[in-house]
Amino acid sequence: MSAVPRAVATTGTDTAIVLLGTGVVGGALLRLLATPAASTLYLVGAANSKRQVANARGLVPGRVAAALAESAAGRDDAGLLAALDDSGAAHRVVVDATASADEAARHADWLGAGYHVVSANKAATGETLAAWDDLRRAGRRGGVLYGDAATVGAGLPVLSTLRRLRDCGDRLLALDGVFSGSLSWLFNQFDGSRPFSALLREARAFGYTEPDPRLDLGGADVARKLLILARTAGHPIDTTDVAIESLVPAALRDVPLEAFLARVEEFDADLERRRADAAQRGRLLRFLARLDEHGRARVGLTEVAPTHPAARLAGTDNLFALTTHRYRAQPLVIQGPGAGPEVTAQALLGDVLALTAAQARAGV
């Protein structure tokens, strides 16, 4: 049985949620939903890419994987949303723990229909400016909120900090950041003692990169995060406004994965030359995202001084250095784990709790 022995209460504070994506991050969120921190939350639906389960009276988080394995129900938004509607909960939330562009394309529809959306999926907020604007309009139309803390930095408080600074009248003058855990690790290790290709193979073996490392090395994922941050800071820039430097040699960009992995030594000569040239100038290479006060944005390999915050990173840490009108002499630095299922799931849970608490305070 997947149902809990009692119906969702309607105390005005209870929240029913549907979880899309039950993989690494979604699985971590299911574990959190079984803790006291989630005592006012009721899981009424869950789905992977092919199957779903739904019960307006609630699902036991620990039994979701088995229930999905046994389910004959194919993916169907209507059944999941019906479980939210029939739950009787005061707040109804769709949680997107996928990386699916198809799921992201539905966020505005869910908001417009009156469902809160909490997402770790950057495909909705990190693509076109038109899609970003659609989300804001849909949220206002539906009278609901959008939680995005897990889209950048796996819940590090960078988006919330930018919003608070802007609300207080501060203005972002510059943003430097290391937004990729895999690229952070690679260039923290790249000191000339080992070729870049050896480090890349090791990073892949450790699970730091995507199975196809070109998704990291191409810079597109970092650019999505920069777009989200720039727009949050008040710069309405579009995808074409970000200059992206891909580290992947042109000859390797479109070959099959097996061929790419067999030829990663083709990275070595150019990157070693760039590293050595930077070292002669007393500088280090880091893969940075940068934004200035005029909204000019760039993602790519950059030389930094040893005193730059990015030069002092360790492991797979992310870093966000915010220079603002009030933090001009020294940037406000936010640093910490920028990836990992547990911290990403915690960011999702935090957003669900925060948005429902905000609406409860507002009497909605």
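Tutor: Start with a definition: a helix here is a DSSP run of at least four residues, numbered from the N terminus. Keep in mind that this is a predicted model.

Student: Which helices each supply at least two residues of the lining of the largest pocket?

Tutor: There are H1 (24-33), H9 (181-189), H11 (214-217), H12 (220-232) and H15 (341-361). H12 gives the most, with 4 residues.

Student: What makes H11 (214-217) a helix?

Tutor: Its run covers 214-217. The definition asks for at least four residues, so H11 qualifies.

Student: What makes Lys-122 a lining residue of the largest pocket?

Tutor: A lining residue has an atom within 4 Å of a pocket point. Lys-122 is among the 37 residues that line this pocket, so it has such an atom. Lys-122, Glu-210, Asp-221, Lys-225 and Ala-339 are the closest to the centre. The space is about 1200 Å³.

Student: How is that lining divided by class?

Tutor: It has 14 nonpolar, 16 polar and 7 charged residues. Lys-122 is close to the centre, and Lys counts as charged.

Student: What about the second largest pocket: how much space lies in it, and which residues lie nearest its centre?

Tutor: About 740 Å³ lies there. Of its 26 lining residues, Tyr-146, Gly-147, Asp-148, Arg-163 and Asp-351 lie nearest the centre. H15 supplies the largest share, 7 residues. Helix H7 (129-142), strand E6 (146-147) and helix H8 (158-167) each supply at least two.

Student: Why is E6 (146-147) called a strand?

Tutor: A strand needs at least two residues, and E6 runs over 146-147, so the name holds.

Student: How is the lining of the second largest pocket divided?

Tutor: Into 13 nonpolar, 5 polar and 8 charged residues. Gly-147 lies near the centre, and Gly counts as polar.

Student: Why is the largest cavity not called a pocket?

Tutor: In a cavity a 1.4 Å probe fits but cannot get out, whereas a pocket is an open set. The structure holds 1 cavity of 30 Å³ or more. The volume of the largest cavity is about 40 Å³, so it passes that cut-off.

Student: Which residues line the largest cavity?

Tutor: Val-18, Leu-20, Asp-77, Leu-80, Leu-81, Val-94 and Trp-110. H3 gives the largest share, 3 residues. Strand E1 (15-20) also supplies at least two.

How values were computed:
Residues are numbered from 1 along each chain as its sequence is written. This is a predicted model: local features need pLDDT of at least 70, side-chain atom pairs count only at pLDDT 80 or more; totals for chains, interfaces and linings use all residues. Side-chain values use heavy atoms; hydrogens and water are left out. On a 1 Å grid over the protein atoms alone, a cavity is a set of points where a 1.4 Å probe fits but cannot get out, and a pocket is an open set with protein on both sides within 12 Å along at least five of seven lines; lining residues have an atom within 4 Å of a point.
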